[in-house]
Amino acid sequence: MQIDLNGEARVTGARTLAQLIEEQGFDAASVATAVNGAFVSRSARDETPLSPGARVEVLSPMQGG
Amino acid sequence: MFYGTDLTSRLLLGTAQYPSPIVLRAAIAASGAEVITVSLRREGAEGGAFREILTESGCRILPNTAGCHTVREAVTTAQMARELFGTNWIKLEVIGHADTLQPDPFALVEAARILSAEGFDVFPYTTEDLIVGEKLIEAGCRVLMPWGAPIGSGQGLRNEGGLRAMRAHFPGVPLVIDAGLGAPSQAARAMEMGFDAVLLNTAVAKATDPVAMASAFGQAVAAGRAAHAAGLMPSRDMAKASTPIFGMAELA
């Protein structure tokens, strides 16, 4: 299915957020995630299903003021 | 001072816009800051190196919600930051205008209420408006961070009278001048006026020598704080001789 990952269209075989994180090669422990604008905690990624067109954000620490 | 945490240094330093990670690391050390601000962005290539600097600095992390324009964006960002950095502290920014980067006070208060209820220690980026300040306190904030001037403008304390009134209006609330400072003298002034701390970024990062400027700000903040504690003399319009007249010779 096609989803939107960090603003870019991706085709994925992942069915849950946890699978997507692994499939895309992110370090699961050092990113924070949101699906369709809502925070998804690390422990909830396993039971968070992805549906076509889902907007997934994977964020990490960055410089800021 | 801030949600039960006492700090030795009253300078909070931003981590953006430095010419290199090496300069950033040296500037944090030279400033003496114990709190540094960070943000959350889409995972990029340089994420790992930055994480290392954060750990190495030994500083307490104050994540921000910079760039957020709505309550929902700010709340979600705060929740993500809490998990990622393992802290309840959040510098809450809800921007209302693209040119001035002025906070949207209505959305700010609403987001502060939601986050406080969720157990966050909210550091709201606000203006010197007293009523907004009161609403933020009602919402659960135990710190207020009024702007000195628009973010990145380097104008200093643009409404000194308003900020002085704010200091007087919230005697028991830690107040941090956040944004708009361009020179150490302006930071010292804020501290002399009784503000509890200053938070800045661009003035250090965009200096010709950021590391030296970080040190200058650290000293200015400490001097201003010491001056406030020592009690400044009142200013007056006319001169008043400091050398006594008594005992002066008649030589005319």
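Before you click, one term: two residues are in contact when they have heavy atoms within 4.5 Å. Also keep in mind that this is a predicted model.

**Stop 1: the whole interface.** Color chain A and chain B separately, then select the residues where they meet. The contact takes in 25 residues from chain A and 27 residues from chain B. Together the two chains bury about 2,300 Å², and 57% of that lies on carbon and sulfur atoms. Now pick B:R42, B:M80 and B:E83: this trio supplies 31% of the area chain B buries against chain A, more than any other three residues.

**Stop 2: a charged pair.** Across the interface of chain B and chain A, 2 salt bridges turn up.

**Stop 3: chain B's side.** Which piece of chain B gives the largest share of the side touching chain A? Helix 3 does, with 7 residues. Strand 2 (35–42), helix 2 (47–57) and helix 3 (71–85) of chain B each supply at least two residues there. Color that side by class and you'll get 9 nonpolar, 9 polar and 9 charged residues.

Stop 4: Finally, select strand 5 of chain A (residues 55–63) along with strand 2 of chain B. The two run antiparallel and are joined by 5 bridges. Zoom in on A:S60, and you'll find B:R41 of strand 2 standing opposite.

Key. Residues are numbered from 1 along each chain as its sequence is written. Chains are lettered from A and ligands numbered from 1 in the order in which they are written. This is a predicted model: local features need pLDDT of at least 70, side-chain atom pairs count only at pLDDT 80 or more; totals for chains, interfaces and linings use all residues. Side-chain values use heavy atoms; hydrogens and water are left out. Buried area is the accessible area (1.4 Å probe) that two parts lose on being put together, summed over both. A salt bridge is a side-chain nitrogen of Lys or Arg within 4 Å of a carboxyl oxygen of Asp or Glu. Helices (H or I, at least four residues) and strands (E, at least two) are DSSP runs, numbered from the N terminus. Ala, Val, Leu, Ile, Met, Phe, Trp, Tyr, Cys and Pro count as nonpolar, Asp, Glu, Lys and Arg as charged, and the others, Gly among them, as polar. Two strands pair if DSSP finds at least two bridges between them.
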